[in-house]
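Let's take a walk through this structure together. Keep the 3D view open as you read.

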Amino acid sequence: MIVSLEGILVECTPLRAVVEAQGIGYEVNIPLTAAEKLPSIGQKVKLHILAVYREDSQQLYGFATREDRDFFRLLVEKVSGIGPKTALNLLSRLSAETLKGAIAQANVELLSKCPGIGKKTAERLVIELRDKVFLGGAPVVTSADASSVEGPTTNTFQDAVGALIALGYKAPDADKAVRRAQTILGPKATSEALVKKALAQA
């Protein structure tokens, strides 16, 4: 079973990457959230892989972090009605952090806005994954409306996304802006720093 792939990035589109390792080119399906973190063509890259085997096909799905890959596996293996394509669309629309938070908070409204996810599928996501979605030992907090979040959270990413939503951003735009800010500032950036950087880039 392939669990990771390290080599040279030779091709890249928003949803597809080709990585050459030991003379073999591997085509890997990736979400937009992973594509944003890829290096330039010709540079060394490592992707965390989930291989999905079907009777008529073999597909590799790649992610920037082990946590993203494991969350993708949860979506595909634990939620009826969600296959690899839908799960990839979910992770292209919103980051794993925001999706986990929406599931933990039973935010069906936000989940149902993702491509290929209706209200019933969003409800299944919550029912089947809510007890499996944790970060640092506590459920991740998020909301489509930051004003509805009660109490402090330990997740600076979620705090920053919530702050941008409160300022009028749509959830996917807020998520993307904070991802971009975090890429620049690093994982130890405070929520305030992430918000300021996101606003500065708007």
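Glu6 has a relative accessible area of 41% in this predicted model, so Glu6 counts as partly exposed. Glu6 forms a salt bridge with Lys44, and their closest N and O atoms are 3.2 Å apart. This pair links distant parts of the chain, since Glu6 sits in strand β1 and Lys44 in strand β4 (residues 44-53), 38 residues apart. Lys44 has 58% relative accessibility, which makes this residue exposed, as the cut-off is over 50%.

How many salt bridges does a search of the whole structure find? The search finds nine. Another one joins Arg16 to Glu11, again with the closest N and O atoms 3.2 Å apart. Arg16 is partly exposed at 26%, and Glu11 is partly exposed at 38%. Together with Glu27, these two residues belong to a network of salt bridges.

Now find Arg69, which forms a salt bridge with Asp70. Is Arg69 buried or exposed? Its relative accessibility is 9%, so Arg69 counts as buried, whereas Asp70 is partly exposed at 30%.

Next, look at two helices. The axes of α2 (residues 66-78) and α4 (residues 96-104) come within 10 Å and cross at roughly 45°, so the two helices are oblique to each other. The crossing is left-handed.

Finally, compare two more spots. Ala181, in helix α8 (residues 171-185), is buried at 0% relative accessibility. Met1, in the segment before β1, is exposed at 75%, and Met1, Val3 and Tyr53 make a nonpolar surface patch of about 360 Å².

Note on methods. Residues numbered from 1 in each chain as written. Predicted model: local features only at pLDDT ≥ 70, side-chain atom pairs only at ≥ 80, totals over all residues. Heavy atoms only, no water. Patch = residues over 30% accessible without salt bridge, like charges linked within 9 Å, V, L, I, M, F, W, Y side chains within 5 Å. Areas by Shrake-Rupley, 256 points an atom, 1.4 Å probe, with all protein chains shown as cover. Salt bridge = Lys/Arg side-chain N within 4 Å of Asp/Glu carboxyl O. Helix = DSSP H or I, 4+ residues; strand = E, 2+ residues; numbered from the N terminus. Buried < 20%, exposed > 50% of the residue type's maximum accessible area, 1.4 Å probe, protein only. Axes fitted to C-alpha atoms, helices over the stretch in contact; angles between N-to-C directions. Parallel < 35°, antiparallel > 145°, perpendicular 65-115°, else oblique. Left-handed = near helix turned anticlockwise from the far one by under 90°.
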